[in-house]
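Subject: Structure handover

Hello,

Here is the structure you asked for, with notes on what turned up in it. Please read them with the model open.

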Amino acid sequence: MFTCDERFEMAAEVAAGSSVFNAIVDSLETAQRVATVMTANSTHYPGQMTCLPLNNMRPKQYRYPDSDDARPLIEKLQFDHKLLGVMQHVFGNTLICRTLDVAVRVAKSGFNCVTLEGDQVSKHGGMSGGYHDKRQNRLRLQSNISAKQQELSDVEANLSEVKSQLNAIDTKMAKVLQELSGMETRQTRHKDEYEARKSEVRALTKEQAAVTHALTEKEKMLADVQSCIKANQSKIDSLLAEMNSDLQSQLAEDERQLLVSLEFEIEDCQSELKRCISTKAELGKRKQTFESLLEEDLNKRKEQLQQVLDDVSVEQQVRDVDLLRHENEQLESVIKDLKNRLADLRSSEENLTKKLADLLKSLEKKKQEESELETEIQDRQKLFDKKASKRAVLLTKEQEHVKKIRQLGSLPAEAFDKYVREPMRDLVRILQRTNSELRKYAHVNQRALDQFQTFSEEQEKLRERCAEMDQSLESINELLETLEHRKYEQVDFTFRQVAKYFEEVFKELVPEGSGRLVMRRRDPAAVMASQAESGILASSGILSQRSIPETELLSGVAIQVTFGESETMRDMQQLSGGQKSLVALTLVFAIQRCDPAPFYLFDEVDAALDPKHRSAVGTMIGRLSENAQFITTTFCPELLDSAHCFYGVSYANKISTIHPVEKEGAYDFVQEGMVPS
């Protein structure tokens, strides 16, 4: 309903008190309806609530004092103007003051005053205050609650926005999945085409290699044939030259036959030459055909396939598909998480609705059962009262009859069965006759036998208890001996530890000296004499040294120290005040090493020490502060060398004030006795 600066939150909370949680309503009718609802549902709305109706609140005019040290608290609050009457009712008579002295002075003029620290002065003279934990400030907590509620509404708005985004993402996902399916289809088609083209390229490459190999072989054969033709042509030319020569007539018969055979061979060679030329021409044509096929068809086909491969770019398509698939998986995970959260919220809402309905039904059923039980309880209470009154009468009669039976003493067993079937008239007559006979023996103790049996049973029980007590006494004595022994061991162990650390700490504080702890013991004979005088005996009835506990022989601890190498050991009674203080600090530090504590408070422990020993004590405190916290008060500068934080305490106007200071300011504070400005 209102806000204020953080500095005035504590003052506003203290001034308002319990009114902070009052409810503001528009009219008395609304307040009555609220009270009716709370009364009808007292189990859900326990306690009480104060309502402030706006139509009954009238702003009241106050004449505030004109002072800068005391201002109306309502001026520091920000609120809606229609709530002015309520604000005047709660905060109108309260002033916020600079100090407590100003609050005491201003309160005399008829105003409630409060300071920034939360100290309150009533106009009637009462004062209240003390430490207020700012972390538990109710106004701040209420503002935090409002902020959290706003955050909750923002989260709900974000949830609706996320739902809309989720729907958009679903639509986008559907498009992406459709595009992805199309791309996968195209990828599959391109991959099939790529494989077909790749197989064609491999087949053409093999065919080209075979053609190239055959062409090479044919070229080799052509070269051989051409060389052979050239050799035969030269041979033919030489033979023709011989044939045309004039020496033909001069040839012998065998030479002529050889010439004829050579002519036949020439014809054969010429026919073979024609056949080789025709073969060469055919091979040239085939070569040109293959070359044209390779250049015009196969190379173009290869370029087309390479262009298709470049266009397809399968690896890039695979990477794009993987990227889209990864994005699809991320979007699916986000959608799945959002759907799960939405389903959880819906399920929790449905469960809460069902639980609420079940609770309402069970509440109505319980109320009906409660009314029925109340009616039944009232009926049974009436019946119980009747039975109780009847029972009281019967108990009174029973006690009277029991008393009469006890006066008769012990009865034989047949007395309980002999007269069961006798009529009441005969029993009365027998009773009268028996009473007249009993009057003759009125002086005899009729309960002697019962008393004897009772006393015998009690005697037996007392003997059993005596035996049990003896056994318990023996167990207790054994336990006491064990505990005494353990106590002595623990005391001795602790003393040895403290004595060891005492020597070490004293050596650190006084390097040229030494100290020790000595356990003092009493004379056993004197202890036995004192026990004999006080009536304490051993379990055997004879005093002995073994019957004396070891702890009873310990009389105390003595401290012996020396502050110089040539000095003799001195007791505490022989030391000065400063030396006693140093020994006491040594004992404290020795115990601290034996059983460390987390916190220590020293109040001017260095007052009686000289500067040298103050410095040693300060050094030791600084070293021990790594594992514990030390707070010391001092008027000497030596302890400040090892300190980490410094506070100065000043006293003015009957008020003590603590001021955090720096190290140099602490030195000045100690030397001058005041906080530097």
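Which residue forms a salt bridge with Asp-492, and how far apart are the closest N and O atoms? The partner is Arg-496, and the gap is 2.8 Å. Both residues belong to helix H9, where they are 4 residues apart, so about one helical turn separates them. Arg-496 is exposed, with a relative accessibility of 56%. Please keep in mind that this is a predicted model.

Salt bridges

The search of the whole structure gave 10 salt bridges.

Glu-504 pairs with Arg-593, with 3.4 Å between the closest N and O atoms. Glu-504 is in helix H9 and Arg-593 in helix H11, so this bridge ties together parts that are 89 residues apart in sequence. Both ends are partly exposed: Glu-504 has a relative accessibility of 33%, and Arg-593 one of 24%.

Arg-623 meets Glu-508 in a salt bridge, at 2.7 Å from N to O. Here helix H12 (residues 611-624) supplies the arginine and helix H9 the glutamate, so parts 115 residues apart in sequence are tied together. Arg-623 is partly exposed at 40%, as is Glu-508 at 37%. Through shared partners, salt bridges join Glu-504, Glu-508, Arg-593 and Arg-623 into one network.

Aromatic pairs

How many aromatic pairs does the search of the whole structure find? There are 7. One of them is Tyr-64 with Phe-111: the ring centres are 5.7 Å apart and the planes stand at 35 degrees, so the pair is tilted. Tyr-64 sits in the loop between strand E3 (51-53) and strand E4 (70-72), and Phe-111 in the loop between helix H4 (100-107) and strand E7 (112-115); the pair therefore ties together parts 47 residues apart in sequence. Tyr-64 is partly exposed, at 26% relative accessibility, whereas Phe-111 is buried, at 7%.

Phe-506 and Phe-563 make another pair, with ring centres 5.5 Å apart and planes at 70 degrees, so this one is edge-to-face.

Elsewhere, ring pairs link Phe-589, Tyr-600, Phe-602 and Phe-630 into a cluster.

Surface patches

Asp-470, Glu-474, Glu-478 and Glu-481 gather on the surface as a patch of negative charge. Of these residues, Glu-478 is found in helix H9, which spans residues 448-509. Glu-478 is exposed, its relative accessible area being 53%.

The other patch is nonpolar: Ile-476, Leu-479, Leu-480 and Leu-483 form it on the surface, and together they have about 360 Å² of accessible area. Leu-479 is also in helix H9. At 48% relative accessible area, Leu-479 counts as partly exposed, because the exposed class requires over 50%.

Regards

Notes:
Residues are numbered from 1 along each chain as its sequence is written. This is a predicted model: local features need pLDDT of at least 70, side-chain atom pairs count only at pLDDT 80 or more; totals for chains, interfaces and linings use all residues. Side-chain values use heavy atoms; hydrogens and water are left out. Patches are made of residues with over 30% relative accessible area and no salt bridge: like charges are joined within 9 Å, nonpolar side chains (Val, Leu, Ile, Met, Phe, Trp, Tyr) within 5 Å. Accessible areas come from the Shrake-Rupley method with a 1.4 Å probe; for residues, only the protein chains shown count as cover. A salt bridge is a side-chain nitrogen of Lys or Arg within 4 Å of a carboxyl oxygen of Asp or Glu. Lys and Arg count as positive and Asp and Glu as negative; His and the chain ends are not counted. The place of a charge is taken as NZ of Lys, CZ of Arg, CG of Asp or CD of Glu. Helices (H or I, at least four residues) and strands (E, at least two) are DSSP runs, numbered from the N terminus. Buried means under 20% relative accessible area, exposed over 50%, partly exposed in between (1.4 Å probe, protein chains only). Rings of Phe, Tyr and Trp (its six-membered ring) pair if their centres lie within 6.5 Å; planes under 30 degrees apart count as stacked, over 60 as edge-to-face and the rest as tilted.
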